[in-house]
Amino acid sequence: MPFEIEKSDIPEGLTTDEFVLRPIVAADAELDYAAVMESRDYLRAWEQSTWPADDFTVEANREDLVGLEERHADRRAFTYTVMNPAGTECLGCVYLMATNGRSFTGARITAVGDQRWDEYEAAVYFWVRRSRLATETDRVLLEALRTWLAQDWSLRGHLFVTNEQFTQQVDLIGQTDLQLRFTVENPGKSGRYLAYS
(Lines give C-alpha, C1' and ligand atoms only; values in the text may rest on other atoms or scores of the structure.)
Protein backbone atom coordinates (compact mmCIF):
# COMPACT_ATOMS: atom_id res chain seq x y z
CA MET A 1 0.00 0.00 0.00
CA PRO A 2 1.27 3.52 -0.71
CA PHE A 3 2.20 5.85 2.11
CA GLU A 4 -0.51 8.27 3.17
CA ILE A 5 1.96 11.14 2.90
CA GLU A 6 1.29 13.67 0.12
CA LYS A 7 3.81 13.84 -2.72
CA SER A 8 4.46 17.49 -1.93
CA ASP A 9 5.50 16.48 1.60
CA ILE A 10 8.17 13.98 0.52
CA PRO A 11 11.59 15.54 1.19
CA GLU A 12 13.91 15.77 -1.80
CA GLY A 13 16.84 14.83 0.39
CA LEU A 14 19.38 16.13 2.83
CA THR A 15 22.78 17.77 2.40
CA THR A 16 25.39 17.80 5.16
CA ASP A 17 29.14 18.40 5.24
CA GLU A 18 29.70 14.62 5.10
CA PHE A 19 27.17 13.42 2.52
CA VAL A 20 24.25 14.13 0.19
CA LEU A 21 21.07 12.10 0.57
CA ARG A 22 18.78 12.10 -2.49
CA PRO A 23 16.29 9.78 -4.21
CA ILE A 24 18.07 6.93 -5.99
CA VAL A 25 17.74 6.69 -9.78
CA ALA A 26 18.72 4.10 -12.35
CA ALA A 27 21.67 6.26 -13.43
CA ASP A 28 23.24 5.57 -10.02
CA ALA A 29 23.70 1.90 -10.93
CA GLU A 30 27.49 1.83 -11.26
CA LEU A 31 28.27 3.81 -8.12
CA ASP A 32 25.66 1.91 -6.11
CA TYR A 33 26.96 -1.41 -7.45
CA ALA A 34 30.49 -0.62 -6.24
CA ALA A 35 29.20 0.05 -2.72
CA VAL A 36 26.95 -3.04 -2.72
CA MET A 37 29.66 -5.43 -3.86
CA GLU A 38 32.23 -4.03 -1.44
CA SER A 39 29.76 -4.65 1.39
CA ARG A 40 28.13 -7.87 0.15
CA ASP A 41 29.13 -10.10 3.07
CA TYR A 42 27.35 -8.06 5.70
CA LEU A 43 24.50 -7.08 3.37
CA ARG A 44 23.62 -10.77 3.12
CA ALA A 45 23.21 -10.91 6.91
CA TRP A 46 21.27 -7.64 6.85
CA GLU A 47 19.00 -8.86 4.04
CA GLN A 48 18.81 -12.44 5.34
CA SER A 49 19.31 -13.61 1.76
CA THR A 50 21.99 -14.48 -0.77
CA TRP A 51 21.76 -10.96 -2.24
CA PRO A 52 23.99 -9.76 -3.69
CA ALA A 53 25.31 -12.91 -5.34
CA ASP A 54 28.99 -13.02 -6.24
CA ASP A 55 28.02 -12.86 -9.93
CA PHE A 56 25.65 -9.89 -9.48
CA THR A 57 26.13 -7.42 -12.34
CA VAL A 58 25.83 -3.68 -12.89
CA GLU A 59 22.97 -4.33 -15.31
CA ALA A 60 21.07 -6.41 -12.76
CA ASN A 61 21.62 -3.64 -10.25
CA ARG A 62 20.29 -1.09 -12.75
CA GLU A 63 17.10 -3.16 -13.08
CA ASP A 64 16.74 -3.15 -9.30
CA LEU A 65 17.17 0.63 -9.20
CA VAL A 66 14.50 1.11 -11.88
CA GLY A 67 12.09 -0.71 -9.55
CA LEU A 68 13.16 1.38 -6.56
CA GLU A 69 12.72 4.57 -8.56
CA GLU A 70 9.20 3.51 -9.56
CA ARG A 71 8.24 2.60 -5.98
CA HIS A 72 9.49 6.00 -4.84
CA ALA A 73 7.40 7.82 -7.47
CA ASP A 74 4.33 5.75 -6.52
CA ARG A 75 4.90 6.39 -2.77
CA ARG A 76 5.00 2.64 -2.09
CA ALA A 77 8.48 2.94 -0.55
CA PHE A 78 11.20 5.57 -0.54
CA THR A 79 14.84 4.86 -1.36
CA TYR A 80 17.62 7.41 -1.00
CA THR A 81 21.21 6.99 -2.06
CA VAL A 82 23.91 8.36 0.21
CA MET A 83 26.61 10.07 -1.87
CA ASN A 84 29.81 11.83 -0.95
CA PRO A 85 29.51 15.63 -1.35
CA ALA A 86 31.16 15.52 -4.80
CA GLY A 87 28.68 12.89 -6.01
CA THR A 88 31.50 10.57 -7.09
CA GLU A 89 31.11 7.78 -4.53
CA CYS A 90 28.06 5.99 -3.13
CA LEU A 91 28.38 5.66 0.65
CA GLY A 92 25.25 3.58 1.23
CA CYS A 93 21.46 3.60 1.06
CA VAL A 94 18.41 4.52 3.13
CA TYR A 95 14.99 2.87 2.69
CA LEU A 96 11.61 3.86 4.12
CA MET A 97 9.09 1.02 3.94
CA ALA A 98 5.43 1.24 4.93
CA THR A 99 4.73 -0.74 8.10
CA ASN A 100 1.49 -1.96 6.51
CA GLY A 101 3.32 -3.04 3.36
CA ARG A 102 3.89 -6.43 1.81
CA SER A 103 7.26 -6.98 3.47
CA PHE A 104 5.52 -7.30 6.84
CA THR A 105 2.61 -9.46 5.67
CA GLY A 106 2.95 -12.87 7.27
CA ALA A 107 5.63 -11.70 9.68
CA ARG A 108 5.32 -12.43 13.38
CA ILE A 109 5.63 -9.03 15.05
CA THR A 110 6.11 -9.05 18.81
CA ALA A 111 5.91 -5.88 20.86
CA VAL A 112 8.46 -5.18 23.56
CA GLY A 113 6.39 -3.52 26.25
CA ASP A 114 3.22 -1.56 25.57
CA GLN A 115 3.70 -0.79 21.88
CA ARG A 116 1.37 -0.94 18.87
CA TRP A 117 2.79 -1.58 15.40
CA ASP A 118 0.05 0.48 13.73
CA GLU A 119 1.21 3.59 15.58
CA TYR A 120 4.25 3.66 13.30
CA GLU A 121 3.95 4.49 9.61
CA ALA A 122 7.48 3.76 8.38
CA ALA A 123 10.22 1.20 8.90
CA VAL A 124 13.60 2.79 8.16
CA TYR A 125 16.57 0.70 7.04
CA PHE A 126 20.05 1.94 6.18
CA TRP A 127 23.50 0.65 5.41
CA VAL A 128 26.90 2.21 4.82
CA ARG A 129 29.61 0.73 2.60
CA ARG A 130 32.21 -1.34 4.42
CA SER A 131 35.15 1.01 3.84
CA ARG A 132 33.26 3.85 5.55
CA LEU A 133 32.54 1.98 8.79
CA ALA A 134 36.01 2.77 10.16
CA THR A 135 35.29 6.50 9.88
CA GLU A 136 31.90 6.01 11.62
CA THR A 137 29.91 7.26 8.63
CA ASP A 138 27.13 4.97 9.82
CA ARG A 139 26.95 6.81 13.14
CA VAL A 140 26.93 10.21 11.41
CA LEU A 141 24.21 9.01 9.03
CA LEU A 142 22.03 7.63 11.83
CA GLU A 143 22.24 10.89 13.78
CA ALA A 144 21.38 12.92 10.68
CA LEU A 145 18.48 10.60 9.81
CA ARG A 146 16.99 10.95 13.26
CA THR A 147 16.86 14.74 12.93
CA TRP A 148 15.72 14.66 9.29
CA LEU A 149 12.88 12.21 9.94
CA ALA A 150 11.68 14.18 12.95
CA GLN A 151 11.85 17.62 11.31
CA ASP A 152 11.28 17.17 7.57
CA TRP A 153 8.84 14.26 7.36
CA SER A 154 5.18 14.21 8.35
CA LEU A 155 5.07 10.52 9.27
CA ARG A 156 2.83 9.24 12.06
CA GLY A 157 5.89 7.55 13.51
CA HIS A 158 8.94 5.62 12.33
CA LEU A 159 11.11 2.73 13.44
CA PHE A 160 14.75 2.02 12.68
CA VAL A 161 15.00 -1.63 11.68
CA THR A 162 18.00 -3.93 11.45
CA ASN A 163 18.67 -7.64 11.66
CA GLU A 164 20.00 -9.20 14.83
CA GLN A 165 22.72 -10.95 12.77
CA PHE A 166 24.01 -7.59 11.53
CA THR A 167 25.76 -7.14 14.86
CA GLN A 168 27.75 -4.07 13.85
CA GLN A 169 24.52 -2.10 13.29
CA VAL A 170 22.83 -3.56 16.37
CA ASP A 171 25.82 -2.37 18.43
CA LEU A 172 25.66 1.07 16.81
CA ILE A 173 21.97 1.50 17.65
CA GLY A 174 22.63 0.16 21.15
CA GLN A 175 24.95 3.10 21.79
CA THR A 176 22.09 5.58 21.26
CA ASP A 177 18.96 6.29 23.30
CA LEU A 178 16.79 4.41 20.78
CA GLN A 179 14.79 1.64 22.46
CA LEU A 180 13.86 -1.78 21.14
CA ARG A 181 10.10 -1.70 20.41
CA PHE A 182 9.42 -4.83 18.32
CA THR A 183 10.94 -8.02 17.07
CA VAL A 184 9.93 -9.15 13.59
CA GLU A 185 10.23 -12.76 12.46
CA ASN A 186 9.79 -13.53 8.77
CA PRO A 187 9.06 -17.04 7.49
CA GLY A 188 12.16 -18.69 6.09
CA LYS A 189 14.61 -16.24 7.67
CA SER A 190 16.89 -17.38 10.46
CA GLY A 191 17.48 -14.02 12.09
CA ARG A 192 14.94 -11.72 13.68
CA TYR A 193 14.59 -8.10 12.70
CA LEU A 194 14.77 -5.59 15.53
CA ALA A 195 12.76 -2.36 15.39
CA TYR A 196 13.74 0.67 17.48
CA SER A 197 12.34 4.12 18.16
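Predicted model: local features only at pLDDT ≥ 70, side-chain atom pairs only at ≥ 80, totals over all residues.
Reader: Okay, so why is W46 called buried?

Author: W46 has a relative accessible area of 5%. The cut-off is under 20%, so W46 counts as buried.

Reader: How many aromatic pairs does the structure hold?

Author: There are 14 aromatic pairs in the structure. W46 and Y95 make up one of them, with 5.8 Å from centre to centre and 40° between the planes.

Reader: What makes the pair of W46 and Y95 tilted?

Author: Two steps. The centres have to lie within 6.5 Å, and here they are 5.8 Å apart, so W46 and Y95 pair up. Then the angle: under 30 degrees would be stacked and over 60 edge-to-face.

Reader: Where in the chain do W46 and Y95 sit?

Author: W46 is in helix α2 (residues 40–47) and Y95 is in strand β4 (residues 90–98), so this pair links distant parts of the chain, 49 residues apart. Y95 is buried as well, at 12% relative accessible area.

Reader: And why is the pair of W51 and F56 called edge-to-face?

Author: Their ring centres are 6.0 Å apart and their planes stand at 75°. That angle is over the 60 degree cut-off, so the pair is edge-to-face.

Reader: Are W51 and F56 buried or partly exposed?

Author: One of each! F56 is buried at 11%. W51 comes out at 23%, so W51 is partly exposed.

Reader: Which rings are linked into a cluster?

Author: That would be F3, F78, Y80, W148 and W153, joined by ring pairs.

Reader: How do you know whether F126 is buried or exposed?

Author: Check its relative accessible area: F126 has 1%, so by the under 20% rule it is buried. F126 sits in strand β6 (residues 122–128). Setting aside its neighbours within four places in sequence, F126 has contacts that include W46, V94, L145 and F160.

Reader: On to charges. How many salt bridges are there?

Author: A search of the whole structure turns up 14. In one of them, the side chains of R129 and E38 meet at 2.8 Å, N to O.

Reader: What parts does the pair of R129 and E38 tie together?

Author: R129 lies in the loop between β6 and α4 (137–152), and E38 lies in helix α1 (residues 29–38), so the parts they tie together are 91 residues apart in sequence. R129 is at 7% relative accessibility, so it counts as buried, while E38 at 31% counts as partly exposed.

Reader: Why do E89 and R129 count as a salt bridge?

Author: The rule asks for a side-chain nitrogen within 4 Å of a carboxyl oxygen. For E89 and R129 the N to O distance is 3.7 Å, so the pair passes. E89 is in the loop between β3 (77–83) and β4, 40 residues away from R129. And E38, E89, R129 and R132 are linked in a network of salt bridges.

Reader: Which residues touch the most other members in the largest nonpolar core?

Author: This core has 32 residues, and L21, V94, L145, L149 and W153 touch the most other members. Helix α4 gives the largest share, six residues. There is also a second, separate core of 31 residues, including I24, C90, M97 and Y193.

Reader: Last one: how do α1 and α3 pack?

Author: α1 and helix α3 (residues 58–73) pack at an angle of about 110°, with their axes 9 Å apart. Angles from 65 to 115 degrees count as roughly perpendicular, so α1 is roughly perpendicular to α3. Where they meet, A29, E30, D32 and Y33 in α1 come up against V58, N61, R62 and L65 in α3.

Definitions and conventions. Residues numbered from 1 in each chain as written. Heavy atoms only, no water. Helix = DSSP H or I, 4+ residues; strand = E, 2+ residues; numbered from the N terminus. Buried < 20%, exposed > 50% of the residue type's maximum accessible area, 1.4 Å probe, protein only. Contact = heavy atoms within 4.5 Å. Core = buried A, V, L, I, M, F, W, Y, C linked by side-chain atoms within 4.5 Å. Axes fitted to C-alpha atoms, helices over the stretch in contact; angles between N-to-C directions. Parallel < 35°, antiparallel > 145°, perpendicular 65-115°, else oblique.
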